[in-house]
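Subject: Structure for you to look through

Dear colleague,

I am handing over the structure we spoke about, and below it I have written down what I found. Please keep it open beside the text while you read.

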Amino acid sequence: MRTLLANTMALVGTAIVLTATLAAPAQASPYRDCPYPYVCLYSGAYYDGSKLVQYKDTYLQSLPDGRKDQADSVVNTRNDDAVWLIDTRSSDSRYLCVPANTQVNLGDYALSDKGTWANDVDAIR
């Protein structure tokens, strides 16, 4: 009886491990008008501002001239990747890391010598 119980428990444990291993990876959800797997920059708060730009690629990209230094907030719907916001117009470029699946108002983050990150992003990576 103990052998049967031990074998049954081992089989159940194997089934649980296989199910967890073979399950599809979790996918992040879109947020408002920012689809997965994009990073969107907004004028105004992330929950009700106007979208300025959205990016899917993870390489260094400069914002268009009319959109530089305009963002007040960011939404990162990427499931696995953080995004770096960059202020290249400073004497030394400055970087702010926004983790995966995060929405932030840039006015909540200090930027040395400039106050906050609001209206200071001109590139992303």
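A search of the whole structure, which is a predicted model, finds 1 disulfide. The disulfide is formed by Cys-34 and Cys-40, with their sulfur atoms 2.1 Å apart, and the link is right-handed, with 95° about the S-S bond. Both Cys-34 and Cys-40 are buried, whereas another cysteine, Cys-97, counts as partly exposed, at 35% relative accessibility.

Of the 125 residues of the protein chain, 34% count as buried, and the accessible surface comes to about 7,600 Å², of which 53% belongs to carbon and sulfur atoms. Among the contacts with a separation of 6 or more, 53% are accounted for by residues 24 or more positions apart.

Four of the strands make an open sheet with the order 3-10-5-6, and the pairing is antiparallel. Strand 3 and strand 6 stand at the edges, and because each has a single partner strand, one side of each is left without a neighbour in the sheet. Strand 5 and strand 6 run antiparallel and are joined by 5 bridges, and in strand 6 the bridge partner of Leu-85 is Leu-96.

Leu-96 lies in strand 6, which covers residues 94-98, and Leu-96 counts as buried because its relative accessible area is 12%, under the 20% cut-off. Which residues is Leu-96 in contact with, leaving aside its neighbours within four places in sequence? They are Val-83, Trp-84, Leu-85, Leu-106, Tyr-109 and Trp-117. Tyr-109, one of these, is 13 residues from Leu-96 in sequence, and the two are 8.6 Å apart in space, C-alpha to C-alpha.

In soluble globular proteins, nonpolar side chains tend to be buried together. The largest nonpolar core here has 19 residues, and the members that touch the most other members are Leu-41, Val-74, Leu-85, Leu-106, Trp-117, Val-121 and Ile-124. The elements that give two or more residues to this core are strand 1 (39-43), strand 2 (50-55), strand 5 and strand 6, and the largest share, 3 residues, comes from strand 2. A second, separate core of 5 residues includes Cys-34, Tyr-42, Tyr-46 and Val-75, and Cys-34 is also a partner in the disulfide described above. As for Val-121, once its neighbours within four places in sequence are left aside, Val-121 is in contact with Leu-41, Leu-63, Lys-68, Asp-69, Leu-85, Ile-86 and Leu-106.

How many salt bridges does a search of the whole structure find? The search finds 3. In one, Lys-68 pairs with Asp-65, and the closest N and O atoms are 3.6 Å apart. Lys-68 is buried, with a relative accessible area of 19%, whereas Asp-65 is exposed, with a relative accessible area of 66%.

In another, Asp-69 forms a salt bridge with Arg-89, the closest N and O atoms being 3.1 Å apart. This pair links distant parts of the chain, since Asp-69 is in the loop between strand 3 (61-62) and strand 4 (73-76), while Arg-89 is in the loop between strand 5 (83-87) and strand 6, 20 residues apart. Asp-69 counts as buried because its relative accessibility is 19%.

Arg-89 also meets Asp-122 in a salt bridge, at 3.7 Å from N to O. This pair too links distant parts of the chain, with Asp-122 in the loop between strand 9 (115-116) and strand 10 (123-124), and the two residues are 33 residues apart. Asp-122 is buried, with a relative accessible area of 1%. Taken together, Asp-69, Arg-89 and Asp-122 are linked in a network of salt bridges.

With best wishes

How values were computed. Residues are numbered from 1 along each chain as its sequence is written. This is a predicted model: local features need pLDDT of at least 70, side-chain atom pairs count only at pLDDT 80 or more; totals for chains, interfaces and linings use all residues. Side-chain values use heavy atoms; hydrogens and water are left out. Buried means under 20% relative accessible area, exposed over 50%, partly exposed in between (1.4 Å probe, protein chains only). Contact means heavy atoms within 4.5 Å. A salt bridge is a side-chain nitrogen of Lys or Arg within 4 Å of a carboxyl oxygen of Asp or Glu. A disulfide is a pair of cysteine sulfur atoms within 2.5 Å. Two strands pair if DSSP finds at least two bridges between them. A nonpolar core is a set of buried Ala, Val, Leu, Ile, Met, Phe, Trp, Tyr and Cys residues joined through side-chain atoms within 4.5 Å. Accessible areas come from the Shrake-Rupley method with a 1.4 Å probe; for residues, only the protein chains shown count as cover.
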